[in-house]
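Here are my notes on the two-chain model you sent over.

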Amino acid sequence: MRRAIGALIRKDLILQRRTPEAAPAMVLFSIGTFVLFHFALDEREVSGNLASGILWVTLLFAAVLGINRLFVAEREEGGFDGFLLAPVDRTSMLVAKATVLFLFLCAVEVFVLAAFAILLLGPSLQPALVVVLLLANAGIAVIGTLVAALAIQTRARDLLVPLLAIPLSVPLVIAAARACAPLLTEGGAGALEARWLAVLGLYDLVFGLLAYAIFDFLLEE
Amino acid sequence: MRAIELADLGRAYGERVALAGVTLTVQEGETLAVFGANGAGKTTLLRILATLLRPHHGSAKVLGHELPREGWAVRGKIGFLGHDPLLYRDLTARENLQFHARLHGVRFERVDAVLDAVGMSARADDPVHTFSRGMLQRTAVARAVLHEPQLLLLDEPLAGLDPGAAALIDPLIGGGTRVVISHDPTFRGDLALGLRGGKVAFCERGATVDDVRALYA
């Protein structure tokens, strides 16, 4: 299984490096959204709950762009058939795609957070934010892979991904936004609340197990 | 040993029956030639044998394993060449084959060997999207035979190839147990299956060129 996961990740990273599509689109979308909020709210700086809410809603919508593209090469260039003909565990596709999406999200967030800090955020960014980002990214990666695998089998995949991914991500966005809010508060960082981190961890675990249980069936014709 | 055993095999897409009542046996080392006009059910049959589609009716046994229940045991023993080359356009030929080599647990030396065998060594490091139709087909054949499969499932393997390229490919796809879809009435297999509208028009060892031509009339 490790061999197949490695092959799939390596292939996706080469394709993304050679013809970058999703990651630049996600970054540009996020920056555009921050600019819109900057003017729509008519505030030079935001903090606390408002800053956290803006950040996570933007990140989720940006992630939807990446989720939409996750299986396109597999669908359009016969990657699914090539993979299904190989003597490998089908779950390796789930693990590989979730890992690739996780890495994309982490890479995109480096630029997005910098843009957020410059365009909107009042207080400075706190290192503890990384913990929340990693936990939330894991959840988005799992749910995104599941939704993308389901949607890619349909003709309405561009519609289906946001329709499924956004409602399923509601608990994750709530927990991530609540966990981040104290870190984005004016006048110094607040404490990271363990219960929201626990909610994020639980979300990752539950959807990880769910994805593991049903992913094989999603790859069936 | 029986390589393929089909009994009343059928498959539908919604209400439309794509394949029905296919019963045949192919022995190890034999070639099954499949003929039929467009939409006759040839590709459906090939995809069922490749474990990419589930049969809806009857039974299919490939290399001694019941499909789809034991499909996992057959994967990796099949070389599949369909309409699509199953190659990523933005990867080079070598990267594509190395990707499949990793999936199949094949050593990279074999990648160089098959690229050489199909005459693609000189273009091995070019992206697949720069290839002509014939070069794409040659690379796809290299992918299909990369893991030295016991059973080859080939959909018009020589399509788009010039005579020189066809002569290169021929030894790679000849010899073993094969199912070959062809529109060439002169193509000879040990057993010929003619399909018309998803149903068996003939399935015999002594099918003539006229039998095949009648399918397209």
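1. A word on contacts before anything else: two residues are in contact if their C-beta atoms, placed from the backbone, lie within 7 Å. With that in hand, take the contacts in chain B between residues at least 6 apart in sequence: 67% of them join residues at least 24 apart. For chain A, residues 24 or more positions apart account for 85% of the contacts with a separation of 6 or more. Do keep in mind that this is a predicted model.

2. The C-alpha trace of chain A spans about 60 × 35 × 30 Å along its principal axes, and 44% of the 221 residues in chain A are buried.

3. On the annotation side, the unreviewed UniProt entry marks "transmembrane region" at residues 21-41, 53-72, 100-122, 128-152, 159-184 and 196-219 of chain A. I looked at two of these spans in the model. Residues 21-41 of chain A are 90% helix and 0% strand, with end C-alpha atoms 30 Å apart. Residues 159-184 of chain A come out at 81% helix and 0% strand, and there the end C-alpha atoms lie 33 Å apart.

4. Of the 217 residues in chain B, 47% are buried.

5. How is chain B divided into domains? The assignment gives domain 1 (2-77 + 150-215) and domain 2 (89-149). The centres of these two domains of chain B, taken over C-alpha atoms, are 24 Å apart. Across the boundary, 15 residues of domain 1 of chain B are in contact with 13 residues of domain 2. On the domain 1 side, β7 (151-155) and α6 (163-173) of chain B are the elements giving two or more residues, and α6(B) has the largest share with 5 residues. By class, that side has 10 nonpolar, 3 polar and 2 charged residues.

6. Helix α4 (residues 108-117) of chain B deserves a look. Which side do its buried residues take? B:Val111, B:Val114 and B:Leu115 are buried, and they cover an arc of only 100° around the axis, which puts them on the same side of α4(B). The buried residues of α4(B) pack against α3 and α5 (133-145) of chain B. Just after α4(B), B:Gly119 has a positive phi of about 75°.

7. Finally, the interface between the chains: 23 residues of chain B are in contact with 22 residues of chain A. On the chain B side, the elements that give two or more residues are β6 (78-81) and α3 (93-104). Of these, α3(B) gives the most, with 6 residues. The chain B side divides into 12 nonpolar, 4 polar and 7 charged residues.

Methods
Residues numbered from 1 in each chain as written. Chains lettered and ligands numbered in written order. Predicted model: local features only at pLDDT ≥ 70, side-chain atom pairs only at ≥ 80, totals over all residues. Buried ≥ 20, exposed ≤ 12 C-beta atoms within 10 Å, placed from the backbone. Helix = DSSP H or I, 4+ residues; strand = E, 2+ residues; numbered from the N terminus. Nonpolar A, V, L, I, M, F, W, Y, C, P; charged D, E, K, R; others polar. UniProt positions renumbered as here; feature names shortened; annotations may be inferred. Arc of directions from axis to C-beta. Domains from an automatic or database assignment.
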